[in-house]
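Student: Before we go through this protein together, could you show me how to read the way its parts meet, and how charged side chains link them?

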Amino acid sequence: KDSLKTNYIGKEIHYFREVDSTNEVAKKLARNGAPEGTVVIAESQRRGKGRRGKKWISPLGGAWLSIILRPNTLPINAPQLTFIAGVAAAQTIKNEYGLDAGIKWPNDVLIDDKKVCGVLTEISTEIDTIDYIVTGIGIDANIDVNLLPSELQDTTTSLKSELNQDISRMILVQKFLGNFEAMYDEFNKGNFHEILKKWRQLSKTIGRQVEIRKGTEFVRGEAIGVNSKGALILELDDGTLRKIISGECRHI
Ligand code: BTN
């Protein structure tokens with residue numbers, strides 16, 4: 001904790017050996033008035049949550065954490081925080097470990113097309129203001145990929161399997177929180193475009209053929225960019241453009 005160089009993110013850390021989900025613990029703390037920047041970390045999660053109701057396998061060795069935020073912005077801007085978390089994670093993995101980490105829209109962090117980190121943002125609104133936001137980040141740090149369920153093994157990697165050694169999760173989390181805070185400050189100054197600039201540099205989606213699934217609907221096209229809100233712009237085969245605000249993205 002001594003070398004955590006943030007002003008408010010992670011000044012209060014709640015550490016657990018095992019929880020159901022750090023997002024659930026953080027939401028409860030937030031409802032009870034925990035300050036902005038409060039971080040919940042667990043060594044393992046019994047019921048880690050992924051996006052779209054999927055479960056997130058969270059064994060020992062991973063970095064499973066959630067951050068409580070209370071930004072003074074409209075609820076529609078909340079997805080932007082997910083971008084911040086993805087960029088902060090990709091940046092940290094790239095800069096600290098020299099790995100070729102990039103981002104699949106909107107915010108999965110990949111190394112060679114294999115997922116190493118995911119972000120789940122949950123928001124609680126009061127009429128038209130944000131009460132609190134919990135941004136949960138899961139990084140497969142010191143995980144043996146071959147111990148994961150077999151259906152995940154081809155699509156998942158970990159820092160340990162990329163580097164062939166264990167890393168310090170303490171340093172990983174410190175660096176991540178530092179990068180996160182710097183970008184969250186930018187966001188609060190109204191400089192989301194600066195974050196998008198970094199996102200575009202780290203993007204592995206732009207320029208690729210992708211398939212977006214939204215419920216039962218599928219759209220295929222070339223990802224040609226993201227707009228100022230972070231929505232993905234697809235060019236379909238017939239040349240028309242489609243703006244995708246949310247959905248599951250697959251590189252094809
Ligand atoms: C995804 O890519 O589907 C998002 C995964 C988010 C996982 C993290 S781990 C810490 C936090 N607690 C949870 O239950 N989920 C998030």
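The dialogue below turns to the domains, their interface and the salt bridges.

Tutor: Keep in mind throughout that this is a predicted model, in which side-chain atom pairs count only at pLDDT 80 or more.

Student: Into which domains is the protein divided?

Tutor: A domain assignment gives the bounds, which are automatic or taken from a database. Here the protein is divided into domain 1, covering 13-202, and domain 2, covering 209-251. Taken over C-alpha atoms, the centres of domain 1 and domain 2 are separated by 23 Å, and the contact takes 13 residues from domain 1 and 15 residues from domain 2.

Student: How should I read the area that domain 1 and domain 2 bury between them?

Tutor: Buried area is what two parts lose in accessible area on being put together, summed over both. Domain 1 and domain 2 bury about 1200 Å² between them, and 54% of that area is on carbon and sulfur atoms. Within domain 1, the residues that lose the most area to domain 2 are Arg 52, Lys 104 and Trp 105, which together account for 51% of what that side buries.

Student: How many salt bridges and polar contacts are found between domain 1 and domain 2?

Tutor: The count of salt bridges between domain 1 and domain 2 is two, while the rule for polar contact finds seven residue pairs across this interface, with both residues at pLDDT 80 or more. On the side of domain 1 that touches domain 2, the elements giving two or more residues are helix 2 (79-97) and helix 6 (192-202), and helix 6 contributes the largest share, four residues. The residues of that side divide into six nonpolar, two polar and five charged.

Student: Which residue meets Arg 52 in a salt bridge, and which parts does the pair tie together?

Tutor: A salt bridge is judged by distance, with a side-chain nitrogen of Lys or Arg within 4 Å of a carboxyl oxygen of Asp or Glu. Arg 52 forms a salt bridge with Glu 248, and their closest N and O atoms are 3.3 Å apart. Arg 52 lies in the loop between strand 2 (39-45) and strand 3 (63-69), whereas Glu 248 is in strand 12 (residues 248-251), so the pair ties together parts that are 196 residues apart in sequence.

Student: How many salt bridges does the structure hold, and which residues does Lys 160 pair with?

Tutor: The structure holds 22 salt bridges. Lys 160 forms one with Asp 144, the closest N and O atoms being 3.8 Å apart, and this pair links distant parts of the chain, with Lys 160 in helix 4 (residues 159-163) and Asp 144 in the loop between strand 7 (129-139) and helix 3 (150-153), 16 residues apart. The side chain of Lys 160 also meets that of Asp 166 in a salt bridge, at 3.5 Å from N to O. Lys 160 is partly exposed at 22% relative accessibility, as are Asp 144 at 35% and Asp 166 at 48%.

Student: Which residues are linked in a network of salt bridges?

Tutor: Glu 24, Lys 27, Lys 49 and Glu 122 are linked in such a network.

How values were computed: Residues numbered from 1 in each chain as written. Predicted model: local features only at pLDDT ≥ 70, side-chain atom pairs only at ≥ 80, totals over all residues. Heavy atoms only, no water. Contact = heavy atoms within 4.5 Å. Buried area = accessible area lost by both parts, 1.4 Å probe. Polar contact = N/O pair within 3.5 Å; in protein donor to acceptor, adjacent residues only side chain to side chain. Nonpolar A, V, L, I, M, F, W, Y, C, P; charged D, E, K, R; others polar. Buried < 20%, exposed > 50% of the residue type's maximum accessible area, 1.4 Å probe, protein only.
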